[in-house]
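Thank you all for making the time this morning.

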Amino acid sequence: DGSVLTGSADKVIRRWRDGQMVQRYEGHTDCVRALVEMPGGGFASAGNDSSVRVWSLDGTCEAEMYGHTSFIYSLSALSDGGLVSGGEDRSVRVWRGGEMVQAIMVPATSVWAVAVLENGDVACGTSDGVVRVFSTDPARVASAEDSTVFEAANASFAMSKKTMGNIDTSKLPGPERLEQPGNKDQQVIMVKAGGSSVEAYQWDQGRWNKVGEVVDAVGQTQKQLFDGKEYDYVFDVDIQEGMPPLKLPFNVTENPYMAAQKFLERNQLSLDQLDTVANFIIKNTDGVQLGSEPAFADPFTGGSRYVPGGGQSAATQTSAGYADPFTGGNRYVPGGQAAVAAQGYSPPSEFVINQQGNVAGVIKKLGEFNAEVGAGLALNEMQIQGIQAAAAAAAAAGSAPGGISALEFDSLLRAATQWPEDKRFPALDLIRLIVGSSSPALALALLQWFGQQQTGFIDTIGEATGFFRLLGSSVGSPRLQGGLSKSDEINLMMCARAYANGFSTAPGADLLYQSRKRILDALDNSWITVSNKNLVSALAIVYLNYAVMVAQRGSDDDGLRVLSAAARFLECTDNADAQVWLLGVFGVLAKKFQLCRDSARVLGDERVVVLGIQGATDAVRRAAKELGSFLST
């Protein structure tokens, strides 16, 4: 029906139509990872709670199926209404009629993606960089030699206890258990194979197939102390011969790069060594390979392959620290961090209002353009003087509207809306100054005058600058195929600054808040098509002011929308001023809403760490470090 489904870290599935949320689906107890449309209508979902669920569009959960022992990353639908899933427990599972009918183990740490092909075969992509295809058609089954290689790889693969849950080896049966049939097809059991070794077997087609060897967890069995705190690891790091080693503490729930940064700063070492220290942590903790897989790049992050961290299986414990193939860091755990805001962190709490301007220069340029526009559009001397009076009032702190009348505003609007597009910016700049004037009375007078016009403040300025027409267009539209012109970008900058300054008064803030959907829709991805650095900075300030407004009167859903766009903006821009404002967006929303704080860890963790170290200015590095410290508590 044209609607869109989304699943997210807040455990909720949402359905959207025409930009509006029309339905919520609640039931998952952890992050939602996968969604797929069902052939007969409705859809299926899966995620970190190890469950596969089938839903009708009206919100009814029609089936809830369990079989995976860890996170589920991918779903695909079969033509007969069945489902195929893949996840962290290195299995591809097939579901029909609310039951698991088959489990296929693969010799890899995890299954990242599954897909049903047109001929009904099932393909899976795994963490070892291999795509494997399974078929029920005898004509397409692999040769006996290839099948033997596959079974041998499965049999020799090392399985971590961390993905198998708690294992009490004293209670496991011996090899004699393999002489008895399985209780059901696809059953997996563990048996003691001599000494302390444990092997896993699966009952398939009337026989037990070895599917792996269960090895001890790589991590420490007991916590270690450092500076009075307990850590999973405390490494001795030799920095210089003849000097005592430095202590490097690390918990498996930490981001290795954050831990490395803290270590370097604590010991006053160069941050140039960040990658070296982080890789040392990864290599010597849960980044150790459990098997013989080569290191492949993660398709979601471009980094080293995903290797699970510590903790029990997701089915029994959802707060353990696992590395996440979608982010490259520790997986998001809803509510897993303290909801109380960290003391001492103070993100922006007030709107950013730009009251700076060269009024004399603007008036001079206005006069020059007035002489060029022709008799039909030019202002007379009295109208120019009226605009000068309005500009002087805007520049004078504490001034009142005094003798400024609607005639002056009419003249200013004429220059801003009727003059050629490349000559409008002086009038637009004066409107921006008046709207953000330190004299609330003057700003309110202009807004009230706009309120009496047919289109109002937001639409009038938006139409005069092409804000909704240009930024709201797709990148491939005829207007944008050649990029924005210089005059387009200047006018858009004036519009963004005017909107940002509109937050300076309560009535202006009300107008902007009521129009937030239209403005935010136009802003979304606008940074991709603009090159003017002042415009990029102005767009970031609009986001920050909306973040402050949402924190004052909005909901966590409103906050998440602003945060999501700001995260994509921050990822793309190298504009230092914009980066500072966007880091402020993260801070404002993360401190106000727990959902935004949790999401900020997922959306911006890597970027914030990088900017804290490699930011182009002191302001960027300081803002990123403060935000990073806040999000890591």
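Let me start with a question: with which residue does Lys 423 form a salt bridge, and how far apart are the closest N and O atoms? The partner is Asp 422, and the closest N and O atoms of that pair are 3.8 Å apart. Please keep in mind, throughout, that this is a predicted model. With a cut-off of 4 Å between a side-chain nitrogen of Lys or Arg and a carboxyl oxygen of Asp or Glu, the pair of Lys 423 and Asp 422 counts as a salt bridge.

Now to Glu 421, which pairs with Arg 469, the closest N and O atoms being 3.7 Å apart. This pair links distant parts of the chain, since Glu 421 sits in the loop between α6 (406-417) and α7 (425-435), while Arg 469 belongs to helix α10 (residues 467-471), 48 residues apart. Both partners are partly exposed, Glu 421 at 33% relative accessibility and Arg 469 with a relative accessible area of 41%.

The next pair is Arg 561 with Asp 521, where the closest N and O atoms are 2.1 Å apart. Here, too, distant parts of the chain are linked, with Arg 561 in helix α15 (residues 556-572) and Asp 521 in helix α13 (residues 516-523), 40 residues apart. Arg 561 counts as partly exposed at 36% relative accessibility, and Asp 521 likewise at 37%. Elsewhere, salt bridges that share partners join Asp 10, Arg 14 and Asp 557 into one network.

How many salt bridges does the count come to? By the rule I mentioned, it comes to 23 salt bridges.

Let me close with the chain as a whole. It has 18 helices and 22 strands, and buried residues make up 50% of its 633 residues. Among contacts between residues at least 6 apart in sequence, 53% join residues at least 24 apart. The chain exposes about 28,900 Å², of which carbon and sulfur atoms supply 50%.

Notes: Residues numbered from 1 in each chain as written. Predicted model: local features only at pLDDT ≥ 70, side-chain atom pairs only at ≥ 80, totals over all residues. Heavy atoms only, no water. Helix = DSSP H or I, 4+ residues; strand = E, 2+ residues; numbered from the N terminus. Buried < 20%, exposed > 50% of the residue type's maximum accessible area, 1.4 Å probe, protein only. Contact = heavy atoms within 4.5 Å. Areas by Shrake-Rupley, 256 points an atom, 1.4 Å probe, with all protein chains shown as cover.
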